[in-house]
Amino acid sequence: MLKVGVLGAGHLGKIHLRLLDESKKYELVGFYDADSINGKKVSAEFGYPYFDNINTLIDAVEVVDIVTPTLSHFDCAKKAIQKGRHIFIEKPITNTLEEAEELQHLAAEFGVKGQVGHVERFNPAFSSVKHQIKNPMFIETHRLAEFNPRGTDVPVVLDLMIHDIDAILSVVDSKVKQINASGVSVISKSPDIANARIEFENGCVANLTASRISLKNMRKSRFFQKDAYISVDFLEKKVEVVKMKDAPEVAGDFDMILQNAEGEKKQIYFENPEVHQNNAILDELETFADAIINNSEPVVTLEQGSNALKVALEVISSFNNKTEVI
């Protein structure tokens, strides 16, 4: 079991504490929170040891789980890495791209592993069909959330859209060519609704929409590729796969056959991949333990977390001059 300490005991930090305490791959040593009143309260309520000094906690563990506000990610991670500790760091990896790149260099210098908490990579619906997403040429995503004051200190792109950016980058094997985006501030000082069109060098186009002032929650992505349409519902954890193949010479009574202008006939058929329910946060934490123990590459590397941040920041840069305030 790897000795682990958690930095940050907010809403998500408490979830991490509970799961790490239950995990058979980690030994939870304790946690640190900059707000000592909150730290002592969480410790009293749940029994997790509270450290009032961040360095003391880092010295006592092998793995540091960083669940603090984004602005402090870099400083926390740098402290941990320089003490030779492996780091799990919540998304977005850091506040700036320069900080993210420096963490990569530091991790290589000190020989430690790092993983970024892009939890949708571990969503069972996405996991069940990711191997079938091959060379998608059009992608459409909608990530809509009801208003929650927590998290409105950052643009909706870094709060919500970055999940879909990371998922898209994990299945599109091409560099980003161009980004066009727009955002609207409704309640917050930063944009609450954003739309981005990301064009890749291989011709793939991704159209992403994110909102945190919706009347209902939605987290859906649709992937269109040669002879296939794949829909992933991250919220309901459901998938839909529609494929086409050459039609048989003699079609059955219930076969769905399409014929194009050239006279080619295709048969439409449906697949229902099995979705194995899981706890995605626990899975991402435990696969990181596996990567450390087996000296293998984490599922979401620091480099991949940096790439997602880079695209997210380019989206924000694209719509900064167009943002409207209602």
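Predicted model: local features only at pLDDT ≥ 70, side-chain atom pairs only at ≥ 80, totals over all residues.
The parallel strands tell another story. Six of them make up an open sheet, in the order β3-β2-β1-β4-β5-β6, and the pairing is parallel. The edges go to β3 (50-51) and β6 (114-117); each has a single partner strand, so one side of each is left without a neighbour in the sheet. For β3, the pairing with β2 (residues 26-32) is parallel and amounts to 2 bridges, with Phe31 standing opposite Tyr50 of β3.

Next comes helix α1, which has contacts with both sheet and helix. On the sheet side, α1 lies across β1 (2-7), β2, β4 (63-66) and β5 (86-90), and its direction makes about 150 degrees with that of β2. On the helix side, α1 (residues 11-22) packs with α8 (residues 280-294) at an angle of about 65 degrees, the axes being 10 Å apart. The crossing is right-handed. From α1, the contact draws on Leu12, Ile15, His16, Leu19 and Leu20, while α8 puts in Ile281, Leu282, Glu284 and Leu285. By residue class, that comes to 7 nonpolar, 1 polar and 1 charged.

What about empty space? Rolling a probe the size of a water molecule over the atoms shows where it is left. The second largest pocket holds about 500 Å³ and has a lining of 21 residues. Those nearest its centre are Leu169, Glu303, Asn307, Ala308 and Val311. Which helix gives the most to this lining? That would be α9, with 8 residues. Helices α5 (97-110), α7 (156-171) and α9 (302-320) each supply at least two residues of the lining. As for its make-up, the lining of this pocket splits into 6 nonpolar, 7 polar and 8 charged residues.

Note on methods
Residues numbered from 1 in each chain as written. Heavy atoms only, no water. Axes fitted to C-alpha atoms, helices over the stretch in contact; angles between N-to-C directions. Helix = DSSP H or I, 4+ residues; strand = E, 2+ residues; numbered from the N terminus. Left-handed = near helix turned anticlockwise from the far one by under 90°. Contact = heavy atoms within 4.5 Å. Nonpolar A, V, L, I, M, F, W, Y, C, P; charged D, E, K, R; others polar. 1 Å grid on protein atoms, 1.4 Å probe; cavity = no way out; pocket = protein on both sides within 12 Å on 5 of 7 lines; lining within 4 Å. Points joined across faces, edges and corners; volume = space filled by probe spheres on them. Pairing = 2+ DSSP bridges.
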